[in-house]
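Subject: Structure for you to look at

Hi,

Here is the structure I promised to pass on.

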Amino acid sequence: MNQQPKYVAHRGLSMQAPENTIAAFELAGRSGFWGIECDTYCTTDGRWIVHHDRTVDRMTNGTGRTKDFSFAEIRELSITSGNGISDYSGLQIPALEEVLSVCVKYGMHAFVEIEEYHQDRDLERLVELVRGSGMMGQMSFICFNANDLSKVRAMDPAVPLGFLSAKPPSEADLELIGRLQPAFLDYDYRSTTPDDVRNCSKAGVDVSIWTVNERKISQPFEEAGAAYITTDTILWD
């Protein structure tokens with residue numbers, strides 16, 4: 001019998017609070033999630049912040065490319081959009097260390113997605129930041145860019161890495177995971193199948209599925225042995 005998967009709150013409990021905010025991550029912790037997923041960018045002055053989009057336009061009262069802001073400039077912006085926004089005031093784009101502090105508080109794992117940065121030194125700072133947070137044993141770096149994952153692996157031999165993909169599973173994915181170990185595959189549920197999950201499990205590779213918001217969609221992947229299910233809501237009974 002397959003073990004129950006671990007549930008990961010996508011950008012926090014983002015169906016109930018604005019995504020990638022401290023409010024959403026706190027809500028995930030209070031709701032009993034095993035872990036959270038967050039998206040990270042490096043500011044022009046080397047600070048890692050948590051935000052999803054390539055620009056700040058959709059979620060804030062500002063405009064411009066996310067990675068083009070200094071930390072002080074990004075903190076001047078207010079979150080003005082997102083689920084449940086009327087219930088919250090004074091929300092800002094958080095620093096990664098603030099999000100990790102919430103994870104420490106609730107004992108949650110963190111899937112830290114690497115979005116955009118400026119130079120390799122920024123990646124080194126990211127790894128150093130996580131080490132300093134006390135979360136290195138409770139987090140994984142995930143990314144769509146295999147080269148970035150390889151760079152992180154060169155900096156740390158043990159931190160789990162997840163390769164994100166919206167494409168159907170391939171032999172090349174399994175080969176990549178073999179090189180990156182410890183590592184797992186992280187697939188869009190729309191581009192994979194429960195049989196793909198079974199095949200990966202037989203090959204000794206864990207699979208995470210994103211972003212599933214309905215139990216009827218989640219269940220076949222769970223029965224196939226998915227290790228992680230990323231969701232905007234609460235799927236368990």
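**Helix 5 and its two sides**

On one side of helix 5, Asn 147 and Ala 154 are exposed, where exposed means over 50% relative accessible area, buried under 20% and partly exposed in between, with a 1.4 Å probe and protein chains only. Helices here are DSSP runs of H or I with at least four residues, strands are runs of E with at least two, and both are numbered from the N terminus.

Before going further, a word on the source: this is a predicted model, in which local features need pLDDT of at least 70 and side-chain atom pairs count only at pLDDT 80 or more, while totals for chains, interfaces and linings use all residues. Residues are numbered from 1 along each chain as its sequence is written, and side-chain values use heavy atoms, with hydrogens and water left out.

Back to helix 5, which covers residues 146-155: its buried residues are Asp 148, Leu 149, Val 152 and Arg 153. Seen down the helix axis, these fall within an arc of 145°, so they line one face of helix 5; the arc is that of the directions from the axis to the C-beta atoms. What do the buried residues of helix 5 pack against? Their partners are strand 4 (109-116), helix 4 (120-133), strand 5 (139-143), strand 6 (161-165) and helix 6 (171-180), with contact meaning heavy atoms within 4.5 Å.

**The chain as a whole**

The chain holds eight helices and nine strands. Along the principal axes, the C-alpha trace spans about 50 × 40 × 30 Å. Of the 237 residues, 53% are buried. Among contacts with a separation of 6 or more, 55% are between residues 24 or more positions apart.

For charges, there are 22 positive and 35 negative side chains, and the centres of the two sets lie 2 Å apart. Lys and Arg count as positive and Asp and Glu as negative, without His or the chain ends, and each charge is placed at NZ of Lys, CZ of Arg, CG of Asp or CD of Glu.

**Towards the end of the sequence**

Ser 218 sits in helix 8 (residues 215-224) and is buried, at 0% relative accessible area. Leaving out residues up to four places away in sequence, Ser 218 touches Val 212, Ile 229 and Leu 235. Arg 198 belongs to helix 7 (residues 194-202) and counts as partly exposed at 34% relative accessibility. Arg 198 and Ala 226 are 28 residues apart in sequence, with their C-alpha atoms 8.1 Å apart in space.

**Backbone points to check by eye**

Most residues other than glycine have a negative phi, and most peptide bonds are trans. Gln 181 and Pro 182 are joined by a cis peptide bond, with omega about 0°; Pro 182 is in the loop between helix 6 and strand 7 (183-188).

The loop between strand 1 (6-10) and helix 1 (22-31) contains Arg 11, whose phi is positive, near 60°. Arg 11 counts as buried, at 14% relative accessibility. Asn 20 is in the loop between strand 1 and helix 1 and has a positive phi of about 55°; Asn 20 is buried, at 3% relative accessible area.

Best wishes
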